[in-house]
Amino acid sequence: MGGDRFSPLTEGEAPWEQCFQESNYESSASLRVRSSMKADDSNVNEENELAYRDVSYQLSSASLDFAAQQRRKHNAYGEILKSYEDLRVEGLEEAKNKLRGYTPGAWIEEVGGMTLSDYVVPKTTTLLVIGPKGSGKSSLINRISKVFENHAFTSARAQESYNPSVGDGTYFLQEHTIPRGSASFCLYDTRGLSNNLPENIRMIKRWMRKGVRHGELVIRNSDSSAVRGRMKCKSRHNGLVSPETRMVNFVIYVANGVSVLKSMDGDGEADKDYSQMIAATFNCPYLSFKDDKPVVVVTHGDLLTLSDRVRVRLFLAELLSIPPDKQIFDIPEGLNSATELMIVDMLHYSLEHADHNLPYKNWITDKLYTVALVMCISVLIILAIIIFSRPMHYAPRLFKAARSKVIRSKTPRASIAREWHAMRHLWLDD
């Protein structure tokens with residue numbers, strides 16, 4: 001298991017060298033231009049010399065910036081490629097066990113004088129899985145779940161779409177605890193994002209501000225009446241929505257590697273729309289926790305060459321302004337030791353940042369609540385003392401009154417003699 005690696009590039013393939021050819025050409029061209037201009041420098045007057053120095057400086061600065069940028073891409077390409085080749089999995093089981101033993105708030109850093117008691121720690125850490133329709137969110141959840149399953153023939157938990165362009169996809173929020181049956185953390189499968197940016201933002205805002213509930217139906221304003229009717233019919237069959245609402249602690253953004261590559265190399269507007277939609281939704285402020293942006297998972301890498309997989313990660317890194325080797329994880333279909341290690345690394349990153357961004361307790365509100373609670377309890381205690389002390393004070397008097405009442409009730413009343421013949425005139429006198 002320790003020797004498992006990704007296969008290296010094929011013989012003769014050296015894309016990182018080709019990547020830097022343009023920068024070398026540009027640098028040499030700019031040098032030739034500067035040499036030519038300096039040769040004619042003796043023929044210009046003083047004013048032209050100042051103008052030349054300005055242009056020369058700008059040209060030199062632009063060329064150096066371009067060369068530095070290309071060199072950075074070249075180095076990043078080599079590092080990512082090397083990470084595939086040198087990926088070892090000796091510590092895989094140890095990393096799995098660390099995740100199995102995770103509890104919410106366990107990885108909080110006690111900095112700034114803050115301790116665990118200063119944070120609002122959830123019962124279950126919630127990771128929201130979002131991405132465009134067909135990006136492979138449900139498939140990713142199934143692969144993550146199988147990493148922690150002891151039985152090889154455990155059935156898939158999330159419903160996958162074999163042909164996303166035909167099927168409905170995910171319309172109901174689905175909670176999947178990891179490991180199965182655990183309360184440590186869970187993944188929430190969501191409805192796919194569309195090309196309608198305002199609707200995406202509205203949907204994301206609702207999840208991030210109000211929380212998510214298992215079984216909740218997600219309907220967009222743009223959904224047709226046929227879709228609404230079909231989904232509402234399904235919701236009746238599926239029963240009630242979970243009464244418990246979970247607040248999102250971190251976000252996993254899933255992108256289809258094949259679609260990203262098409263948006264990079266394609267000329268059509270539809271291809272470009274995919275990358276633009278990713279950038280717009282990823283940079284939505286509701287998805288970020290302070291300065292921490294979501295983690296990105298690239299799927300369907302098994303359909304691409306190794307070189308294209310590296311290019312996709314570099315493209316997304318430039319597009320989203322996140323490091324390609326630390327925050328973008330390439331998780332292809334299929335499950336082997338290398339993929340399992342990538343999944344474990346991604347979960348570790350997500351849970352660690354979820355714990356680091358737990359909300360602080362509002363001490364002012366808590367203190368007011370505590371004071372109010374103490375006052376209410378004190379008032380109740382005083383009232384109870386008053387109520388229970390009154391019978392003790394008035395007990396003898398009450399006892400005498402009750403006894404006299406009983407005696408009177410037992411004494412027979414004297415019969416009153418009535419002379420009926422003397423009262424006949426009341427109704428006979430006419």
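Mentor: What follows is a tour of the sheet, strand by strand, and then of its surroundings.

First, the ground rules. This is a predicted model, in which local features need pLDDT of at least 70 and side-chain atom pairs count only at pLDDT 80 or more, while totals for chains, interfaces and linings use all residues. Residues are numbered from 1 along each chain as its sequence is written, and side-chain values use heavy atoms, with hydrogens and water left out.

Some terms come next. Helices (H or I, at least four residues) and strands (E, at least two) are DSSP runs, numbered from the N terminus. Two strands pair if DSSP finds at least two bridges between them. Buried means under 20% relative accessible area, exposed means over 50%, and partly exposed lies in between (1.4 Å probe, protein chains only).

Now the sheet itself. It is open and has six strands, in the order E2-E3-E1-E4-E5-E6. The pairing is mixed. Strand E2 (174-178) and strand E6 (328-330) are the edges, each pairing on one side only. Neighbouring strands are turned by 25° against each other on average, direction ignored. Such angles run from 0 to 180 degrees between N-to-C directions, and the axes are lines fitted to C-alpha atoms, for helices over the stretch in contact.

Start with E1, residues 125-130. Six of its six residues are buried, so E1 is largely enclosed by the rest of the structure. Look at its two faces. Thr 125, Leu 127 and Val 129 are buried on one side, and Thr 126, Leu 128 and Ile 130 are buried on the other.

E1 has E3 as one partner. The two run parallel and are joined by five bridges. Thr 125 has Phe 185 of E3 as its bridge partner. E1 also pairs with E4 (residues 250-256), in the parallel sense, over four bridges. Ile 130 stands opposite Tyr 253 of E4.

E2 and E3 pair in the antiparallel sense, over five bridges. Gln 174 faces Asp 189 of E3. Six residues lie between the strands of this hairpin, and Gly 181 takes a positive phi near 85° there. Pro 179 is in the loop between E2 and E3 too. The peptide bond from Ile 178 to Pro 179 is cis, with omega near -15°. For background, most residues other than glycine have a negative phi, and most peptide bonds are trans.

Contact means heavy atoms within 4.5 Å. Helix H5 (residues 137-147) touches E1, E2, strand E3 (185-189), E4 and strand E5 (295-299). Its direction makes about 155° with that of E3. Helix H9 (residues 269-282) lies across E4 and E5, running at about 175° to E4. H9 also packs with helix H8 (residues 257-265), at an angle of about 115° and with the axes 7 Å apart. Among the residues making that contact are Val 260 and Met 264 of H8, and Tyr 274 and Ile 278 of H9.

Now the loops. Ser 135 sits between E1 and H5. Ser 135 is buried, at a relative accessible area of 0%. Leaving aside neighbours within four places in sequence, Ser 135 is in contact with Val 254, Ala 255, Asn 256, Tyr 274, Thr 299 and His 300.

His 300 lies in the loop between E5 and H10. Phi of His 300 is near 60°, a positive value in a residue other than glycine. His 300 counts as buried, at 17% relative accessibility. Lys 290, in the loop between H9 and E5, has a positive phi near 60° as well. Lys 290 is exposed, with a relative accessible area of 55%.

Finish at Arg 313, in helix H10 (residues 306-320). Arg 313 is buried yet has no salt bridge. A salt bridge is a side-chain nitrogen of Lys or Arg within 4 Å of a carboxyl oxygen of Asp or Glu. The nearest side chain of opposite charge, Asp 330, is 5.2 Å away. For charge, Lys and Arg count as positive and Asp and Glu as negative, while His and the chain ends are not counted. Not counting residues up to four places away in sequence, Arg 313 touches Ile 80, Tyr 84, Pro 324, Asp 325, Ile 328 and Asp 330.
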